[in-house]
Amino acid sequence: MFDQRNHKQSIVTRVAQALHFVEAETGAVIPSIQPSATYARDDNYEIRKPYWYRRDGSQTTAHAEAIIAELENAESSLLFSSGMSACTAVIEHLPAEAHVVVPKVMYHGVLQQIQKYESNKRIVVSSYQAGNLQELTAVVRMGQTQLVWVETPNNPNWEVTDITAAAEIAHAAGAKLFADCTGTPPCMTKALDLGADISFHSATKYLNGHSDITAGVLSVKKVDQFWEDIVRVRKLQGTVLHSQDAWLLIRGMRTLFLRVEKSCQNAMAIAKHFEGHKYIKAVLYPGLPSDPGYEISKRQTGGQFGGMMSLIIKGTEQNAVDVARFCKLFYPATSLGGVESLIEHRKTVSGEGFPVHPGLLRLSIGIEDPDDLIYDIEQSLSQTFGDA
């Protein structure tokens, strides 16, 4: 018998309905866009709302932030005009010569930014192998490290780091844990519940899911001075997410659970098909039981594992480039998490000096028919290696 007294509304329902939005005046079920750059004060010259100028945000941006905060089980979420601007805000607020620990391999844009701050002697950086808790423990400095950066699964090797264990290591040293879980959105991984102090997502990717905005979001379990400093950085730098993009993000998040579920199913089918393939040296996907991060990923994602993977192609670097070139269905484009499937030769995109296998192709698996995606890779491999 259905217990009406103890029923708790699902987060799936809350997000699908944009927190059950209904416009008071018209009854509209789709949120409006508030594009104003400035706000008039009332007759007493008091601010009418929390906003007085665009850099503080808007009703539309705040609505998107509220949805993400529910997804993350966060006290507060903060949207930026890009993922890079969100990450930069965290680094920017650190004190001079703060010690920061980061993975050796991570998203190349953030890594370049961190290296720039390090070369300018703004911060001190130590690195560890993603997923290796012994290396992480070894480079953390007791009482000195201020921020431990985790990207899990990391880009583009998809190694998995135990967030709970990493949080214990960071907190024991007096540091905060920053968790970039862009590859596994908060309908899969809730980093704050696992012990992270700051959860980050490039909202350009799965949260939006339609490849038509750039955005980044930070979320925290507890609002404190650390968080207020980041809010201030966003305001002074003017990197708040604009209303039009926030509206598109709200629209995208309403189908988040459906899109991610389908992407995960497709990725699993593709990973299983190409594991052991004669032209594939390795399939990097934490959803395969043979993957070293399988058990941790299963625990942290609820067994969905994500829609991101990499294939290491046998042969030369040019062979790998050709596989990307010869695909007819996969788009040869950068980014991830959209409804369309993408393929890229990561070394070409990341540039020289970035530690990535020359034969690695990064795949973002969309919501198309998985048989079509498998066929596309197969025909490309055949064309590359002369089977066609």
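**Exercise 1. Find where Phe305 sits and say what its phi value is.**

Step 1: Phe305 is in the loop between helix 10 (294-301) and strand 9 (308-313). Helices (H or I, at least four residues) and strands (E, at least two) are DSSP runs, numbered from the N terminus. This is a predicted model, where local features need pLDDT of at least 70 and side-chain atom pairs count only at pLDDT 80 or more, while totals for chains, interfaces and linings use all residues. Residues are numbered from 1 along each chain as its sequence is written, and side-chain values use heavy atoms, with hydrogens and water left out.

Step 2: Now check the angle. Phi of Phe305 is near 75 degrees, a positive value in a residue other than glycine. Most residues other than glycine have a negative phi, and most peptide bonds are trans.

**Exercise 2. Describe how helix 3 and helix 4 cross.**

Step 1: Start with the axes (lines fitted to C-alpha atoms over the stretch in contact, with angles from 0 to 180 degrees between N-to-C directions). Those of helix 3 (residues 83-92) and helix 4 (residues 108-119) come within 10 Å and cross at roughly 30 degrees.

Step 2: Name the arrangement. So helix 3 is roughly parallel to helix 4, a label for angles under 35 degrees, with over 145 being roughly antiparallel, 65 to 115 roughly perpendicular and the rest oblique.

Step 3: List who touches whom, with contact meaning heavy atoms within 4.5 Å. Helix 3 brings Met84, Cys87, Thr88, Ile91 and Glu92, and helix 4 brings Gly109, Val110, Gln113, Ile114 and Tyr117.

Step 4: Sort them by class. The contact has six nonpolar, three polar and one charged residues. Here Ala, Val, Leu, Ile, Met, Phe, Trp, Tyr, Cys and Pro count as nonpolar, Asp, Glu, Lys and Arg as charged, and the others, Gly among them, as polar.
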